[in-house]
Amino acid sequence: MTEVVRLNAVSKVYGKGHGAVAALREVSVGIPAGTFTAIMGPSGSGKSTFLHCAAGLDLPTSGSVRLGGTELAGMNETQLTELRRKRVGFVFQAFNLVGSLTVTENITLPLTLAGVRPDPAWLAEIVRRVGLDGRAGHRPAQLSGGQQQRVAIARALVTRPEVVFGDEPTGALDTMTARDVLVLLREVVSGLGQTVVMVTHDPVAASYADTVLFLADGRIVDSMSAPAADKVAERMTRLGAWT
Amino acid sequence: MISFAWRTIGHRRAGFAGAFVALLCAAALVTACGMLLETGLRGAVAPERYAGAPVVLAGDQYARHTKANGKTKAKLLAERRWIPERIAAEVRRAPGVTKVVTEVTFPFAGFTAHGWESAALTPFTLASGRPPRAAGEVVVDARHRTAKIPGYRVVGVTAQALPSQDTIFFSTDEARRLAGRDGLVTAIGVFPRVDVKVDGALAYTGDARGTVEFLDAENARVKLISLGGALGGTSLLVAILVVAGTFALSIQQRRRELAMLRAVAATPRQIRKLIGGEALTISVVAGTIGAGGGILLGLWLRERFVALGAVPENLALVVSPFPALAALLATLAAAWTAARVSARRVARIRPVEALSEAALAAAGLPRARTVAGVLVLAGAVALTILLANLSVEAASSPVSMLTALVWTVAVVLLGPAIARAVTALPLRVPGAGGYLAHRNLRAGTGRLAAVIGPLTLMTAMTSTILFSPATLGHAAQQELNAGITADHVLDPGASAEAVRQAPGVRAATEVLRTTARIELEKYGVQAVTPDGLDRTMDLGVTAGSLDGFGGTSAAVSRTAADRLGVGVGDRLALTLGDGTPATVTIAAVYARGLGFADLTLPHELVADHVDDPRATVLVSGGERAALERALPGVTVRDRAEAAEAGTSNAAVTYVAMGLIIGFCAIAVVNTLAMSTSARSRELALLRMVGTTRRQILGMLRTETAVAAALAVTLGTGISLLTLAAFGAGMTGSATPYPQPLGYLGVVAATVALALAATAVPARFALRARPAEALAARE
């Protein structure tokens, strides 16, 4: 199986001298194409930093990150942006959308910024898949939180990226809405063959993934395939006990 | 990007309203100043009295001076240059000339007086009666058919009257006698229109004839150029400062959205383009509306200046599209500059910020800003030193505005550092509101820094504008108080002979005020009759003596002597007000140049070279009642009243600069309103956790009060420094004079404005139910 994302001995240190904090320590991992991976760990375990480095939002202090075969080291901010634009989709916890743009405009925003015309058939397909039919002309303020996250997912998919990253995409939603969004993400992986990497602290959310990677103290300490929520929760409790 | 920018603006109207208003005001101010400037450059007055003469020969109204490098500079003369009458005979012989008309002009009892010889220039014709022939006969214009002229008999009335002057005609000989300039005339009319070239006079045709007819219009034009330029320049600088401030604030407030855009797909360049697009879009709209309003503002300004007597009624405003276009371009440039400056900050927004939970405050003061701040600070110090060495008001006034501005820019650039330093002070305000305010100020130094910018600008500019004439006036006032030793002062028009005859009068000094140029540099002149001078004025002589003053002797103030590098016994070549050269010998140097004048010349030397030879008379001894009886119709003042009236008229500056103060006030309201309304979520949260409305308003009040106190301190410091430097240059004393009541007014107005601009949007924000306000996304 090909790997979409490959991290080799990636370390990230914030600050300098005595105040330096290592958020990631020599992390090496590959994310296979067409899989749904959840990253879990207690607060301060480095899971956000992992996501930032893997997605090209931030450059590691040392080590190598390859995204779809491209080495990120040595790229400048504009090159990174162009890479993200083409190959990566993002779903954040909140503040995902531009308030002045309609649903369709928000979805096609990465294409607009790249100066590429959207493919109407593909656009219609993802709008249908995320369940936003009939809402194309709405403004974000007219949508519920769950609907806004669906717009964000559609936007992440519109460029046919190699990987979609989610940073607590259900963190700001209630249980029922969160479930819908997770089902959608699962469906994106299974139905479209999309690769999804999601940081979460919620064992139920993690249970929708194919694989769960557990981070603690800047290292990957464990992984779990075909996770069940109660198993993940138990593992997390033990992680918490260690730290 | 532009369409995206347009959408963003439409969506975030409130955030852009501040920048919009600032740009609109800037465009209006620049348009109005541009109109004044253009009128100064191209304005013309149509001839009235010379309307009937195709060619008018008159003196060159400019003093010209060729420098060593071959460049010739010309400066407008203060008094009319008369021309020799023999030119008329010369012109009469020129080919094609059929008629030549000579004219003398002089003021007489409120009228502009001439000899009947020049009636054909307009032409004036008689409606009734006959021309004046004998010395005691006059003809008046149609508006004054019933007027009585004391000492003269009205023998005729003309059919015409000129719109902006009251005309009276004497017989030709009597007019020559009254004008008192042997062999000289004011103008020569030539018929028909032919090319005439003569030595000693220039030929004026068309509207140029108006400039020799109305010398005051020519003076006003020159004044409008400098005023329009200084005012326009200052308002443009203030505009860039204000607009940059509002832009920076609005960008700070949408940091999160911009970070999200960066994360999703936008390069730093695209973000800069977006910000630039937004700036250009609003500046086009604001600039267009503002420029339109500016035309009205320009018309209003001219009306004020006419009412204040600074601009003659008949100098019409030049209305053309140029000032409006220039203002639009200037507004675009200002907005673009402001956006570029703000966009530097945007480029530093890291995309990761969109993912983090907390809205991150900007990290420490960026190095570029600190470096810029220190450089501007150095510039401000240099300007202050320069200002302290300027002793000409025409240069000193604009430089003092610029100095205050540059100091303010330094404060704005270093604002975050200042805010951090001040909030680190262990000061406490009682109450829950005070506690919260203290914490907020310490955490949000960026916000505090953004707010103190316009508040400092307002205090510094207002104090500098209001108190630089006061500083000058106060110093002149003190010199006059000490220097006028006469008991009474008579307004111009009194006959000195009659005064000397009045009972009890020990001495009477005639004082004539005019100007002279030394190598084109303008100096104020008082021409005095030397008899009994020591009894009427004390100039504070520091070297030499005024004994035996007269003939071609002169006295100069210490400031002027220093500038010219001359001392007692030196000879000084000068150009009198009407362009006549004269050489004088310096007899004395005196201290009180500011209250009196830089040059003191003998009355006899100057009297024939001014348009209006009526002198103020200083009288020592005698009773006020006796003087009033002896001189009917003449205003008699005592020493104190006279000194009071002697202070310069700063009203014109106040009107013009008042607009800049208003602009600063708008900036204050803008910034505070933006800063407060952006906090509605935070305020809602505070209410959710149990803070009362009272406590929240108290908290905001305290925060604003701290910001205002800090800004007033900084602004006062800036204006004191500027005024001290201004005073040192102009008066030789570095003591600024902020009128106590005026200063209190400035402080009170600034603080009240700041509090109101906080309270009103805060009340709006508090009107929404807290849960709703919290639910609403940014």
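Q: Why is A:Asp119 called partly exposed?
A: In this predicted model, A:Asp119 has 36% relative accessibility. Buried means under 20% relative accessible area, exposed means over 50%, and partly exposed is in between (1.4 Å probe, protein chains only). So A:Asp119 counts as partly exposed.

Q: What makes A:Arg160 and A:Asp119 a salt bridge?
A: Their side chains meet at 3.3 Å, N to O. A salt bridge is a side-chain nitrogen of Lys or Arg within 4 Å of a carboxyl oxygen of Asp or Glu. The pair therefore qualifies.

Q: What does the pair of A:Arg160 and A:Asp119 tie together?
A: A:Arg160 lies in the loop between H6 and strand S7 (163-167) of chain A, and A:Asp119 in the loop between helix H4 (109-114) and H5 of chain A, so the pair ties together parts that are 41 residues apart in sequence. Helices (H or I, at least four residues) and strands (E, at least two) are DSSP runs, numbered from the N terminus.

Q: What makes A:Asp119 a cap of H5(A)?
A: A side-chain oxygen of A:Asp119 lies 3.1 Å from the backbone nitrogen of A:Ala121. A polar contact is a pair of N or O atoms within 3.5 Å; within protein, one must be able to donate a hydrogen and the other to accept it, and residues adjacent in sequence count only if both atoms are side-chain atoms. A:Asp119 caps the N-terminal end of H5(A).

Q: Which residues of helix H5 (residues 120-129) of chain A are buried?
A: They are A:Trp122, A:Leu123, A:Ile126 and A:Val127.

Q: Why are they said to be on the same side of H5(A)?
A: They cover an arc of only 130° around the axis, which puts them on the same side. The arc is that of the directions from the helix axis to the C-beta atoms. On the other side of H5(A), A:Pro120 and A:Ala121 are exposed.

Q: How do you know that A:Glu125 and A:Arg129 form a salt bridge?
A: Their closest N and O atoms are 2.7 Å apart. That is within 4 Å, so the pair counts. The two are four residues apart in helix H5 of chain A, so about one helical turn separates them.

Q: Why is A:Arg235 called buried?
A: The relative accessible area of A:Arg235 is 6%. That is under 20%, so A:Arg235 is buried.

Q: How are residues and chains labelled, and which parts of the model count?
A: Residues are numbered from 1 along each chain as its sequence is written, and chains are lettered from A and ligands numbered from 1 in the order in which they are written. Local features need pLDDT of at least 70, side-chain atom pairs count only at pLDDT 80 or more, and totals for chains, interfaces and linings use all residues, while side-chain values use heavy atoms, with hydrogens and water left out.
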